[in-house]
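Hi,

Here is the structure I said I would pass on.

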Amino acid sequence: MPLSIGIVGLPNVGKSTLFTALTEKCVGASNFPFCTIEPNVGIVPVPDGRLDRLAELVHPEKVVPATVEFVDIAGLVAGASRGEGLGNQFLANIRETDAIAEVVRYFSDENVVHVDGRVDPGSDVETIRTELVLADIGTVDRALPRLEKDAKRDRALEAKLALVRRVREWMEEGHRALRMDMTAEERESLRDLHLLTMKPLLYVANVGETGVGRQPEPIDGQVPTAICAKIESEIAELAPAERAEFLEASGMTEPGLDVLVRRAYDLLGLHSFFTAGPKEVRAWTVRKGAKAPEAAGAIHSDFERGFIKAEVISYADYDTLGSEAAAKAAGKLRIEGKDYVVADGDVMHFRFNV
Ligand SMILES: Nc1nc2c(ncn2[C@@H]2O[C@H](COP(=O)(O)OP(=O)(O)OP(=O)(O)O)[C@@H](O)[C@H]2O)c(=O)[nH]1
Ligand SMILES: [Mg+2]
């Protein structure tokens, strides 16, 4: 399962423009509130220069990047949680995503209608938070009667019931669930509710053509990722060879989308390891702190179950020495066991037995 991210925001803030740029797939971005009326799901490769370098060294038949799945939904408006607009019915499409990217409109363009008639990022963020929190309160209220009934029969569920009531009260005060003081176990026990405000949130400031290169003020203590959705969509349409020139002309060093995908990785505490052989050079996603068997499990559950050892070359060594054989000769190929914590960029081979 690739990492998945739901894109939310008010109507006409540039969600679909961003999504299209991300997926280079047309989803009918247009100047019309609610033009996204079907859920749109797109798979995006994670940009990683190290993968390109490994491919250059190994010359495999195939190069496979890690991927992120983006889900684009219709804009939310004030009252969405009570059924205003179209947004609410689509919230279901992002219940199962790992994180949320909230697009906030910073650009002004009198040809593009703002639902409230003015560009005001602070107030827009507030509206979206309220709607997501209210949607979550709705989810909790639908789950509570069942939980109350079950807790009467099963004392073990009493703690969970108390926790769910506590999180409801917290959200009632307007806070996102994620911000509540909780132990890791408590967090885990709320997982099955799929609360939207429990998900890590990444703010994306759609700064417009004139805002490129300027850093917006933090929102909720987080510096938003600044992009210009319109320029990103133009970059995405170009042939790869023309991109560098266009980027330079627009005063950018790399596409904002690459920064966005990387920040999503960081936010979720993820990094990559590689497998490299003549058939395939491939990037895989794994939690930071994951041990070798878990990394093996990202490839196949059999690899995890039957894990014996991992052969590991760190990326820097592979890069300098240029091949597995050279790394081995230089004593840079390590044999690691099940307690080895995978480092970012490790090039790995797993030995397993099933
Ligand atoms: N000037 C300018 N216009 C933009 C930018 N990004 C998006 N737009 C325009 O804003 C309009 C709405 O963009 P969409 O991407 O469809 O907006 P959305 O958030 O998906 O809207 P809904 O699906 O209705 O919720 C389109 O006409 C876009 O061309 C930008 O960076 N600058
Ligand atoms: Mg849209």
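The protein chain has 13 helices and 12 strands. Keep in mind as you read that this is a predicted model, so everything below is computed from it.

On overall shape, the C-alpha atoms fill a box of roughly 65 × 65 × 30 Å along the principal axes. The radius of gyration is 23 Å, which agrees with the value near 20 Å that a compact globule of 354 residues would have. Of those 354 residues, 35% count as buried. If you take the contacts with a separation of 6 or more, 64% of them are between residues 24 or more positions apart.

Now the domains. The assignment for the chain gives domain 1 (3–263) and domain 2 (289–352). Their C-alpha centres are 33 Å apart, and the contact between them takes four residues from domain 1 and six residues from domain 2. On the domain 1 side, the residues that touch domain 2 split into two nonpolar and two charged, with no polar ones.

Then there is the core. Which residues touch the most other members of the largest nonpolar core? They are Ile 7 and Val 204, out of 81 residues in that core. Both domain 1 (3–263) and domain 2 (289–352) give residues to this core, so it lies between them.

Leaving out residues up to four places away in sequence, Val 204 touches Leu 18, Pro 224, Thr 225, Ile 227 and Leu 260, plus a run made up of Ala 101, Glu 102, Val 103 and Val 104.

Last, a bit of strand pairing around S9, which covers residues 280–287. S9 has these two partners, among the pairings I looked at:

- Strand S8 (residues 270–276) pairs with S9 in the antiparallel sense, over seven bridges. The two form a hairpin with three residues between them, and Ser 272 stands opposite Thr 285 in S9.
- Strand S3 (residues 62–64) runs parallel to S9 and is joined to it by three bridges. Here Val 63 has Val 281 as its bridge partner in S9.

Cheers

Notes
Residues are numbered from 1 along each chain as its sequence is written. Chains are lettered from A and ligands numbered from 1 in the order in which they are written. This is a predicted model: local features need pLDDT of at least 70, side-chain atom pairs count only at pLDDT 80 or more; totals for chains, interfaces and linings use all residues. A nonpolar core is a set of buried Ala, Val, Leu, Ile, Met, Phe, Trp, Tyr and Cys residues joined through C-beta atoms within 7 Å. A residue is buried if 20 or more other C-beta atoms lie within 10 Å of its own, exposed if 12 or fewer, and partly exposed in between; C-beta atoms are placed from the backbone. Domain bounds come from an automatic or database domain assignment. Two residues are in contact if their C-beta atoms, placed from the backbone, lie within 7 Å. Ala, Val, Leu, Ile, Met, Phe, Trp, Tyr, Cys and Pro count as nonpolar, Asp, Glu, Lys and Arg as charged, and the others, Gly among them, as polar. Two strands pair if DSSP finds at least two bridges between them. Helices (H or I, at least four residues) and strands (E, at least two) are DSSP runs, numbered from the N terminus. The radius of gyration is taken over C-alpha atoms; the globule rule is 2.2 Å times the number of residues to the power 0.38.
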